[in-house]
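Take a look at the sequence and the fold, then read on.

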Amino acid sequence: MARTMTSAARRKDTREKIELGGLIVKAGLRYEKRALLLGALIAIARRIKSDEHERSRLTAIGVEAFGDDGE
């Protein structure tokens, strides 16, 4: 039973990582260096923790981008 739960958790984790990678592609950043992507994500994470307006602005951009393909 424990092995099944571990396997299910691994599958869920893998699926989530694949979906997150898809966001990188959708944003047009597929060919950027990993260090740049990580740095950008860390900078954004810091910014949205302290700036609710920026969080709202970026969310609106994302909603619009998802709207383009029906997601």
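The report below covers the fold, the pocket, the salt bridges and a surface patch.

**The fold**

This is a predicted model. What secondary structure does the chain have? The chain has 3 helices and 0 strands. Read from the N terminus, the order of elements is α-α-α. Helix H1 covers 2–26, helix H2 covers 34–50 and helix H3 covers 52–67.

How much of the chain is buried? Of its 71 residues, 3% are buried. The accessible surface of the chain is about 6500 Å². Carbon and sulfur atoms account for 59% of that surface.

**The largest pocket**

Where is there open space in this fold? A probe the size of a water molecule, rolled over the atoms, shows where space is left empty.

The largest pocket holds about 810 Å³ of space. Its lining counts 19 residues. Nearest the centre of the pocket lie Leu-23, Ala-27, Leu-41, Leu-58 and Gly-62.

Which helices supply the lining? H1, H2 and H3 each give at least two residues to the lining of the largest pocket. H3 gives the most, with 8 residues.

What classes of residue make up the lining? The lining of the largest pocket has 15 nonpolar residues. It also has 2 polar and 2 charged ones.

**Salt bridges**

Next come the charged pairs. Side chains of opposite charge can pair when their charged atoms come close. The structure holds 5 salt bridges.

| Salt bridge | N to O distance |
|---|---|
| Lys-17 with Asp-13 | 2.9 Å |
| Arg-47 with Glu-54 | 3.3 Å |
| Arg-57 with Glu-54 | 2.9 Å |

Start with the pair in helix H1. Lys-17 and Asp-13 both sit in this helix, 4 residues apart. That spacing is about one turn of the helix. Lys-17 has a relative accessible area of 53%, so it counts as exposed. Asp-13 has a relative accessible area of 33%, so it counts as partly exposed.

Now turn to Glu-54. Glu-54 lies in helix H3. Its side chain meets that of Arg-47 in a salt bridge. The side chains of Glu-54 and Arg-57 also meet in a salt bridge. Arg-57 and Glu-54 both lie in helix H3 and are 3 residues apart, about one turn of the helix. Through shared partners, salt bridges join Arg-47, Glu-54 and Arg-57 into one network.

Is Glu-54 buried or exposed? Its relative accessible area is 9%. Buried means under 20%, so Glu-54 counts as buried. Arg-47 is partly exposed, with a relative accessible area of 39%. Arg-57 is partly exposed as well, at 39% relative accessibility.

Glu-54 and Ile-44 are 10 residues apart along the chain. Their C-alpha atoms are separated by 9.2 Å.

**A nonpolar patch**

Which residues make the nonpolar surface patch? Leu-20, Leu-23 and Phe-66 make it, and the patch covers about 250 Å². Leu-20 lies in helix H1. Its relative accessible area is 48%, so Leu-20 counts as partly exposed. Leu-23 belongs to this patch, and Leu-23 is also among the residues nearest the centre of the largest pocket.

**In brief**

The chain has 3 helices. Its largest pocket is lined by 19 residues, of which 15 are nonpolar.

Methods. Residues are numbered from 1 along each chain as its sequence is written. This is a predicted model: local features need pLDDT of at least 70, side-chain atom pairs count only at pLDDT 80 or more; totals for chains, interfaces and linings use all residues. Side-chain values use heavy atoms; hydrogens and water are left out. On a 1 Å grid over the protein atoms alone, a cavity is a set of points where a 1.4 Å probe fits but cannot get out, and a pocket is an open set with protein on both sides within 12 Å along at least five of seven lines; lining residues have an atom within 4 Å of a point. Grid points are joined across faces, edges and corners, and a volume is the space filled by probe spheres set on the points. Ala, Val, Leu, Ile, Met, Phe, Trp, Tyr, Cys and Pro count as nonpolar, Asp, Glu, Lys and Arg as charged, and the others, Gly among them, as polar. A salt bridge is a side-chain nitrogen of Lys or Arg within 4 Å of a carboxyl oxygen of Asp or Glu. Buried means under 20% relative accessible area, exposed over 50%, partly exposed in between (1.4 Å probe, protein chains only). Patches are made of residues with over 30% relative accessible area and no salt bridge: like charges are joined within 9 Å, nonpolar side chains (Val, Leu, Ile, Met, Phe, Trp, Tyr) within 5 Å. Accessible areas come from the Shrake-Rupley method with a 1.4 Å probe; for residues, only the protein chains shown count as cover.
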